[in-house]
Amino acid sequence: MPHDASSSRTALRICPLCEATCGLTLTIEGTRITGARGDRDDVFSRGFICPKGASIGGLDADPDRLRTPLARKDGVLTEVSWSEAFDAIARTLPALAEEHGQQAVGVVRGNPNVHTMAGALYPSALLSALRTRALFTASTLDQMPKHVSSGLLFGDPNAIPVPDLDRTDHLLLLGANPLESNGSLCTAPDFPGKLKALRRRGGTLTVVDPRRTRTARLADRHVAIRPGADALLLAALAHVLFEEKLADPGELAEHVEGLGEVAQAIREFTPEAVAEACDVGAATIRTIARELVAAPTAAVYGRIGSCTVEHGTLASWLVDVLNILTGNLDRPGGALFPLSATARAPRPAAPGKGFALGRWSSRVSGHPEAKGELPVSALAEEIETPGEGRIRALIVLAANPVLSAPDGDRLDRALDGLDFMVSVDPYLNETSRHAHVVLPPPPPSQSAHFDFAFNAFAVRNQVRYTRPAVPLDDGLLDESEILARLVLAVSGMHGTDPSAVAAVDATVIDRMLARAVADPHSPVHGRTPAELAASLTGRTGPERRLDLMLRLGPYGEGFGAAPDGLTLQRLLAHPHGIDLGPLRPRIPEVLTTRSGRIELLPAPIAADLPRLRRALAVRRGPDALLLIGRRHLRSNNSWMHNIAELNGGSNVCTLQIHPADAARLGLTDGGPATVTSDGGSVTAPVELTEGVRTGVVSLPHGWGHNRPGTRLSIAAAHPGVNVNQLLDGSRLDPLSGTAVLNGIPVSVTPAATPDAVTQGVPPVLPLT
């Protein structure tokens with residue numbers, strides 16, 4: 001129903017659709033978003049907006065969004081009340097765990113979890129209630145190598161340095177295309193503008209990527225590396241620094257151990273030795289290394305293209321090794337550690353517990369855990385394989401692994417064999433269609449927003465919070481209440497009493513305060529938790545928890561210890577956010593290794609280096625093809641293909657290939673081609689482009705909306721193909737368990753029929 005224009009108003013909202021976290025100004029008529037523009041007064045994004053943010057109204061009002069819970073009755077997903085949905089969960093999941101053990105219940109967390117307050121605040125309580133180690137997340141499809149390398153180097157897997165984009169003089173960027181992705185593990189609104197500003201102030205941008213991406217076209221130098229060879233190139237750069245006696249950690253020297261050991265460990269990775277494997281000339285490698293050292297300040301930054309490869313953890317480690325060897329780690333203009341407003345307040349520097357890998361392993365293939373997680377590539381076998389500990393039930397939180405993980409067909413079949421599955425998702429997608437219960441969260445306009453995760457990777461310290469722009473629709477539950485009630489349902493405390501739901505937040509607050517008052521370094525040491533809890537403000541449990549974290553955080557008022565410090569009330573008084581200043585050096589306070597120093601050559605890294613040495617001898621024939629993925633500015637993984645405003649333009653699922661390779665293979669522009677690899681074959685339309693180097697083909701990630709039983713009408717009309725179906729899940733980076741999604745050997749042939757690229761459009765599932 002159209003709304004009266006006289007009711008038009010504006011409201012602020014932090015965009016939840018990618019890692020840039022831009023501030024938006026929404027135009028709202030009644031309860032409907034009719035426009036979105038960048039918030040020019042936002043302290044961080046300063047008015048920047050991308051097509052995703054501009055289209056948030058379409059996402060918010062998508063008619064395919066679920067607005068009522070679903071439960072499976074006689075095999076059919078049927079609309080039910082919230083009480084019925086949670087009754088089914090409480091009746092089934094605890095009984096399954098009781099009969100088959102806690103490990104029979106698994107949890108899958110998807111990328112959208114880090115884009116909502118609830119997704120950040122409640123899963124830990126859910127895992128604690130379930131007492132399961134069967135946790136699988138999108139991290140092992142994306143960023144786990146960086147967490148592992150940071151954990152081994154610095155002792156904390158979340159201590160990830162980011163490039164100081166606003167002050168650096170030289171940026172070496174590998175496997176990243178921030179003009180399309182808006183950045184990743186580097187929260188930077190207007191990343192494109194920051195790169196252009198770097199160039200304007202006389203700085204240098206070097207981009208290493210097999211494709212001549214939009215980011216590469218902006219660079220001073222584009223290095224078209226062979227896919228998967230990032231670690232070899234980085235090792236050779238480090239070798240040059242040692243060989244030419246250019247390695248100098250500077251002020252970090254007293255905090256670093258293992259410098260000589262690293263020099264010895266990489267002695268074989270000379271530029272001449274790696275040149276053929278990387279397809280990068282030795283002279284170019286030496287020039288890049290010398291330029292890094294010569295620049296007044298410099299930063300090396302690697303992302304998904306250098307993570308989701310065979311040597312992803314080694315590449316992530318070498319990124320920071322180079323930042324250390326050039327004296328640019330923890331230095332303005334180099335790579336620094338952000339300090340989020342909800343982080344733990346700094347403590348005196350001291351040795352810590354360090355970081356350990358493989359504290360337990362997956363049941364079937366024995367994959368070691370990393371950061372408490374198992375490889376999502378192993379999920380299907382953990383469901384299929386009989387025996388004690390087989391996963392019989394899943395709770396899937398905003399995840400779509402049928403499209404995002406290797407061999408979706410196998411996982412599709414495995415999910416059909418579960419005894420019970422709960423999905424928290426606003427859509428009936430390729431994964432949630434298997435659920436026995438679907439719990440839909442409300443649209444973004446009806447949700448509060450705070451970036452707990454991304455502020456920890458921000459290129460400038462700041463803090464922002466937005467309350468819901470419009471009231472919650474009748475019949476919907478806030479996502480925080482959904483997850484709190486899910487915690488109650490799986491822990492035997494099921495009920496709809498509001499006080500029981502509030503007790504979930506109260507329990508977390510009590511535990512946090514108990515730890516704080518027992519900590520001699522805390523500003524509330526020795527005080528009474530009940531007295532402190534009574535002074536918290538906020539309309540909701542999540543707001544009270546946010547208030548607590550702000551007060552105890554590095555900028556907080558410490559419950560009166562620093563009267564001018566940060567609280568929820570102060571943050572609410574600054575609707576465009578509070579600027580907390582540029583990043584600053586934080587070593588040694590950030591280090592929690594057992595030695596209290598940067599451990600430059602951890603044992604797991606040293607043990608994996610022989611595998612990288614063997615890669616020096618790998619030779620590929622002149623006609624070999626390697627597959628890489630790519631990102632689109634108008635989507636984020638598989639999320640946004642159902643939004644009409646975003647489903648068009650360059651946001652298409654094509655096989656990009658160089659004209660020379662296409663001519664050799666008999667492929668024509670727009671014609672169908674079949675791509676085959678370990679896990680199977682897909683057929684996609686060909687896009688001829690010189691933006692992809694010879695020997696490389698590219699398919700985007702997140703497509704394949706051609707399965708029956710979904711409710712994604714727009715995505716189904718343009719389904720694309722699932723690039724991850726080419727993978728059988730056997731290729732993993734062994735240290736992090738991350739799926740190898742890039743640098744995959746493939747064969748490409750002309751497809752038999754032109755209509756092969758459009759077949760398989762699914763019917764829309766009727767709901768009863």
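Asparagine 724 is buried (under 20% relative accessible area, with a 1.4 Å probe and protein chains only), at a relative accessible area of 3%. The model is predicted: local features need pLDDT of at least 70, side-chain atom pairs count only at pLDDT 80 or more, and totals for chains, interfaces and linings use all residues. Residues are numbered from 1 along each chain as its sequence is written, and side-chain values use heavy atoms, without hydrogens and water.

Asparagine 724 sits in the loop between helix H26 (713-717) and strand E26 (732-733); helices are DSSP runs of at least four residues (H or I) and strands of at least two (E), numbered from the N terminus. Its side chain reaches the backbone oxygen of serine 404 at 3.1 Å. Contacts (heavy atoms within 4.5 Å) of asparagine 724 include Leu403, Ser404, Asp407 and His701, not counting residues up to four places away in sequence.

The largest nonpolar core has 66 residues. Such a core is a set of buried Ala, Val, Leu, Ile, Met, Phe, Trp, Tyr and Cys residues joined through side-chain atoms within 4.5 Å. Phe86, Ile89, Leu93, Ile395, Leu439 and Leu486 have the most contacts inside it. Leucine 486 touches residues including Phe86, Ile89 and Ile395, not counting those up to four places away in sequence. A second, separate core of 65 residues includes Ala159, Phe337, Leu600 and Leu616.

Definitions and conventions
Buried < 20%, exposed > 50% of the residue type's maximum accessible area, 1.4 Å probe, protein only. Polar contact = N/O pair within 3.5 Å; in protein donor to acceptor, adjacent residues only side chain to side chain.
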